[in-house]
Amino acid sequence: MLDTNAVHQVYAGAKGDPSKLVYQASLSDTTRSCSMNDSTLTVNVFAQGRVVPGPLSKPGRVNLPIRVTVKDGDGEIFSQVTSLGVDVPAGTAGTQFIFNNPNVAIPNGPGGASKQTNVFISFDEGGAKASGKKSGRRG
């Protein structure tokens with residue numbers, strides 16, 4: 001796991017100032033299941049995570065930018081960002097969430113999935129290069 005992409009922090013003001021932290025989200029356990037037909041490999045990606053309020057947190061919904069990337073060797077063959085809404089109630093030490101994307105569909109065979117296909121999940125930091133926590137090898 002690359003720690004820099006498994007944690008997402010939102011600040012009100014100076015980034016990195018703990019007193020300005022609104023919330024911190026983290027990804028932990030991941031899994032996937034795969035199905036295949038003659039032309040497509042479909043991956044159902046799951047991740048468990050947690051949102052922890054910071055000193056400037058307010059109750060309400062936060063939107064987490066979660067990226068799923070599929071790489072075949074060094075080449076990227078799928079990349080998609082999903083905004084996951086998570087409700088953070090007042091007075092909690094943290095809220096768990098489950099992310100699921102059942103529609104990661106990539107071509108099967110030449111130009112698509114091979115035995116070296118890897119699935120990654122991470123927080124997207126505004127167009128940063130997609131990398132992150134490996135969810136597993138081909139189905």
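**Exercise 1. Find which residues Gly 49 is in contact with, leaving aside its neighbours within four places in sequence, and decide whether Gly 49 is buried or exposed.**

Solution. Begin with the contacts, where contact means heavy atoms within 4.5 Å: leaving aside neighbours within four places in sequence, Gly 49 is in contact with Ser 26, Leu 27, Ser 28, Thr 95, Gln 96 and Phe 97. Before going on, keep in mind that this is a predicted model, in which local features need pLDDT of at least 70 and side-chain atom pairs count only at pLDDT 80 or more, while totals for chains, interfaces and linings use all residues. Residues are numbered from 1 along each chain as its sequence is written, and side-chain values use heavy atoms, with hydrogens and water left out.

Phe 97 lies 48 residues away along the chain, yet the C-alpha atoms of Gly 49 and Phe 97 are separated by 5.2 Å. Finally, Gly 49 has a relative accessible area of 3% and is therefore buried, a word that means under 20% relative accessible area, with exposed meaning over 50% and partly exposed in between (1.4 Å probe, protein chains only).

**Exercise 2. Work out in which order the four strands of the open sheet stand, and why one side of E1 and of E6 is left without a neighbour in the sheet.**

Solution. The order is E1-E2-E3-E6, and the pairing is antiparallel; two strands pair if DSSP finds at least two bridges between them. Strand E1 (7–11) and strand E6 (95–107) stand at the edges and have a single partner strand each, so one side of each has no neighbour in the sheet. From one strand to the next, the twist averages 25°, an angle taken between N-to-C directions on a scale from 0 to 180 degrees, with axes that are lines fitted to C-alpha atoms.

Now follow the pairs. E1 pairs with strand E2 (residues 21–36) over five bridges in the antiparallel sense, and within this pair Val 7 stands opposite Ser 26, while Tyr 11 stands opposite Leu 21. E2 in turn pairs with strand E3 (residues 40–53) over 12 bridges, again in the antiparallel sense, with Leu 41 in E3 as the bridge partner of Met 36. The link from E2 to E3 is a hairpin of three residues.

**Exercise 3. Say where Gly 54 lies and which residues it touches, not counting those up to four places away in sequence.**

Solution. Gly 54 is found in the loop between E3 and strand E4 (60–72). With the nearby positions in sequence set aside, Gly 54 touches Leu 21, Val 22 and Tyr 23. Pro 18 is 36 residues from Gly 54 in sequence, and the two are 8.0 Å apart in space, C-alpha to C-alpha. With a relative accessible area of 17%, Gly 54 counts as buried.

**Exercise 4. Describe the chain as a whole: how many helices and strands are there, and what percentage of its residues is buried?**

Solution. The chain has one helix and eight strands, which run α-β-β-β-β-β-β-β-β from the N terminus on. Of its 139 residues, 37% are buried. Among contacts with a separation of 6 or more, 62% come from residues 24 or more positions apart.

How values were computed: Helix = DSSP H or I, 4+ residues; strand = E, 2+ residues; numbered from the N terminus.
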